[in-house]
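Here are my notes for your first pass through this entry. Keep the structure open beside you and check each point as you read.

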Number of protein chains: 2
Amino acid sequence: MTIHDLDTPALVVDLDVMERNLSRMADYARAHGLRLRPHTKTHKIPALGARQLALGAVGLTVAKVSEAEVMLAAGEGDLLIAYPIFGTEKMRRLVEVARRSRVTVSVDSVEAARPIAEAARSAGVSIGVLAEVDAGLHRVGVRPEVFVDLLRGLAGLDGIALRGMAFYPGHIKNQDLAAVGVLSDLISGLVREAAAAGFELPVVSGGSTPTEWNSHLVKGMNEIRPGTYIFNDRNTIISGACQAEDCAATIIATVVSTAVPGQFVIDGGSKTFSSDKAAAEGFGVFLDAPDALFEKMNEEHGYVKHAGHQRKVGERVRILPNHICVAVNLHERIYGVRGEEVVETWTVDGRGKLQ
Amino acid sequence: MTIHDLDTPALVVDLDVMERNLSRMADYARAHGLRLRPHTKTHKIPALGARQLALGAVGLTVAKVSEAEVMLAAGEGDLLIAYPIFGTEKMRRLVEVARRSRVTVSVDSVEAARPIAEAARSAGVSIGVLAEVDAGLHRVGVRPEVFVDLLRGLAGLDGIALRGMAFYPGHIKNQDLAAVGVLSDLISGLVREAAAAGFELPVVSGGSTPTEWNSHLVKGMNEIRPGTYIFNDRNTIISGACQAEDCAATIIATVVSTAVPGQFVIDGGSKTFSSDKAAAEGFGVFLDAPDALFEKMNEEHGYVKHAGHQRKVGERVRILPNHICVAVNLHERIYGVRGEEVVETWTVDGRGKLQ
C-alpha cells in the first residue's frame, strides 16, 4: 500500500524522520546524564512508547490515569502521571495501574495527595509523588516560597513515597538563555532548600519543548519529559526547537471543492487538525505550496486561499499541522511511511482518554 | 448512579431539555410544512438519530461516508451526506451504504459527481445528488450565476439522480430579516430559473442554526437540516437562536489545583472542550459561577480566573461549552440525566469519523 491508497484525511508519519528525532533526543539525554521520560501525549501509541523505552528512556509520562492504563502495553513499566488527579474512580484505576507498574503522580497540594495515599494504603500498593512547583508559567504547581511546606505536607501522608519534584517551564522561549539561567537558579536553590529541610529529591523532573536542547543548562534537573520531539509540528518550528525537515507527521487531504474563486476546500477541518492556532497565520502549512494559506476551517472542511496554481477537485495536498498532539488525538489510526510506502498502521490507543 | 458518581470530565445531557428542543423543532417544521432532516454531527449517536426520526424527521444528515455507515443504525434510512466527497475508498463505502439506505450527496462540481455516478452505475445502486449553491458564505457551492450550468452537468451523468439543490446560509445572523429576504429572493429565483431550464428540484434543502426559526421565510426552501438544536451551546445563545435554559449539554469537571492565587485549574482542556472560541471571552461559561472566567486551556487543563469564591481541590464545576458539536466528538461516551440521576449512557459511535 502507498500513501496514494489511503483514504483522506490521513495522518502519516515519515519513519525516517521520526527515528532520527527519537535517536537525537536519546543521544542528547545520554550525553548530558539526563534521565529521559518522554511524554506520550504526542503519539498515544504503546508501540511508539516501546521504541522510546528501547532507546533508553527510564519510563514514560502520561497525562491521565486512562493513558497510564494504555501505556502499560508499552512494556517494562515506570509511569509518571504528570498532572494532579482527583476522584474515587480515578483512585480505583490508579491502584490497578500501580499493581502492574511503578507509578508516580505529580501533585501540588496535600488535598490532591491525600486520596492517593489513602487508596495506596488500603490497597497495599506503592505509589510515588513528585511535588510540583510553579516555575513561572502560573499553571499548576505551588509558589516557590511554599515549596518546602508542600514537601512537609506530602511527607506527612502515609501511603505515598515522595520521589522528587516536578516543574514545567513552558513560559521560557527557545534561546532565552537568561531565562534558562533564572530557572536554573530557582531549581537548584529549591533543591538545596529541600535538602536543608531534610528532604532528598532523587528525581528533579522538568523541561519543555522550546527549551529541550538547553535542558543541560538547568542545574539540579536530572529528568526531562519531552513529548512533541517524536513528530514535531509547526509550533515547534516557530519556537525554534526544530527545523521543517524534522517534522515527521503530516496530514494528507483531498481537494473536494474549487467552486469559490481563489479558494480550494479540503476534506479536513477542526475534527482533523483541531482548531489550535499557531503564533503565525493559518491552521497549518502546505509544505509544497507556499502560496496556499489555510485560512479558515469548520468541523469538516479547510478553506484555503491561494494566489497561484489552481488545484483540481480530487487532487491531494499535504499539510503540516500547527499542533500535532491534539491532531493525533482526533485520529483513530495513523500511518507510518517510508517514502510513499505505508509500512505501519497504528491504532491510537490513547486517543480520547479524558479521565 | 448520579452525576456525582461520574468520573470527570464527563459530558452530560439534560434529557428534559433535550426532549423539549427536539419537540420544538419538530413542531416548527411541521407547522410550516418544512421537511426536517437533522444534521447528526452534533450528537453522532444512532439512538438520538432514531429519536429524531420518531418525531417526524424525513431522514438524517451526516458529514462523511463513515458517519453515514454509523447512522444506518438509526433506522429506516434516508441519508444525506451534506458535503462533496472524493476518493476510491469513499466510493466503495458509499455504494455499500446505498445498498442499505436511500442516500444523497451534496456536490458542487461535475468532477466530484462523476466518480459517484460511475460507482453507482457499476454497482447497480441508486444514489442521488443535490446541487450545492453558494448562498453568500463562500465556502462550498457554485456561484448562483452558474447554478443552472451545474444542473446541466449533473443531469448529463448516467448513474445519479438529481434530487434537488442544497445551500447553507451560515453568513446570515439571527434576526437579520433583511438578509433572510435577500436569501429568499435568491433561492426562489434559482428554483424558477431551474424550472425554466427544465429542471424540477423536488428537494430545496437549506437553513442554518442562527436562522433556524426564520426558515419559513425563505421561499422555495422545503427542507431544513439543523444540528445543534438538539443540545444547543454557548455559540447558539450568542447567535440569538436559543436561551441559556435551552442548553442541554454541559461538561462536569473537577478542580485539581488551586495553587496559583486567583485561579483554579480543572481537569479538562482542549481535548475535552476543543479549542473552539466563541464570539465572547472564554472557552465556555460556568453557569452557576458568573465570577469565573475560563481564560486559558492546554490539552488536559482549563485555567479559570475568578474574582470571588475560592474553589477547593476536589470540588466539581459545570461548564457550558462554546461549541458542543466538536466537544461531543472528543468524548467516547456521554450521559443522559434526569435531574441528578444518570439514566442513559451512550457511546458516541460517530465520533472521530474522519473519512
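1. Start with one helix pair. H4(B) and H5(B) are oblique to each other, because their axes cross at roughly 55°. H4(B) passes H5(B) in a right-handed crossing.

2. Which residues make this contact? H4(B) gives Met91(B), Leu94(B), Val95(B) and Ala98(B). H5(B) gives Pro115(B), Ile116(B), Ala119(B), Ala120(B) and Ala123(B). By class, the contact of H4(B) with H5(B) has nine nonpolar residues, no polar and no charged.

3. Now turn to chain A. Helix H4 of chain A covers residues 88-100, and helix H5 of chain A covers residues 110-123. They pack at an angle of about 55°, with their axes 10 Å apart. That angle makes H4(A) oblique to H5(A). The crossing of H4(A) past H5(A) is right-handed. On H4(A), the contact uses Met91(A), Leu94(A), Val95(A) and Ala98(A). On H5(A), it uses Pro115(A), Ile116(A), Ala119(A), Ala120(A) and Ala123(A). How do these residues divide by class? Nine are nonpolar, with no polar and no charged residues.

4. Next, look at where the chains meet. Chain B puts 52 residues into the contact, and chain A puts in 52 residues. Several elements of chain B give two or more residues to the side that touches chain A. Among them are helix H4 (88-100) and helix H5 (110-123) of chain B. Strand E10 (249-257), helix H9 (270-273) and helix H10 (324-328) of chain B also belong to this list. By class, this side of chain B has 19 nonpolar, 18 polar and 15 charged residues.

5. Then consider the domains. Chain A is divided into domain 1 (3-10 + 242-347) and domain 2 (16-231). Their centres, taken over C-alpha atoms, are separated by 33 Å. Domain 1 of chain A gives 10 residues to the contact, and domain 2 of chain A gives 13. Which helix supplies the largest share of the domain 1 side? Helix H10 (residues 324-328) of chain A does, with three residues. The domain 1 side has seven nonpolar residues, one polar and two charged.

6. Finally, a word on confidence. This is a predicted model. Chain A has a mean pLDDT of 96, and 100% of its residues reach 70 or more. The model scores ipTM 0.94 and pTM 0.96.

Key: Residues are numbered from 1 along each chain as its sequence is written. Chains are lettered from A and ligands numbered from 1 in the order in which they are written. This is a predicted model: local features need pLDDT of at least 70, side-chain atom pairs count only at pLDDT 80 or more; totals for chains, interfaces and linings use all residues. Axes are lines fitted to C-alpha atoms, for helices over the stretch in contact, and angles run from 0 to 180 degrees between N-to-C directions. Helices (H or I, at least four residues) and strands (E, at least two) are DSSP runs, numbered from the N terminus. Angles under 35 degrees count as roughly parallel, over 145 as roughly antiparallel, 65 to 115 as roughly perpendicular and the rest as oblique. A crossing is left-handed if the near helix is turned anticlockwise from the far one by less than a right angle, and right-handed if clockwise. Two residues are in contact if their C-beta atoms, placed from the backbone, lie within 7 Å. Ala, Val, Leu, Ile, Met, Phe, Trp, Tyr, Cys and Pro count as nonpolar, Asp, Glu, Lys and Arg as charged, and the others, Gly among them, as polar. Domain bounds come from an automatic or database domain assignment. pLDDT is the predictor's confidence in each residue, from 0 to 100.
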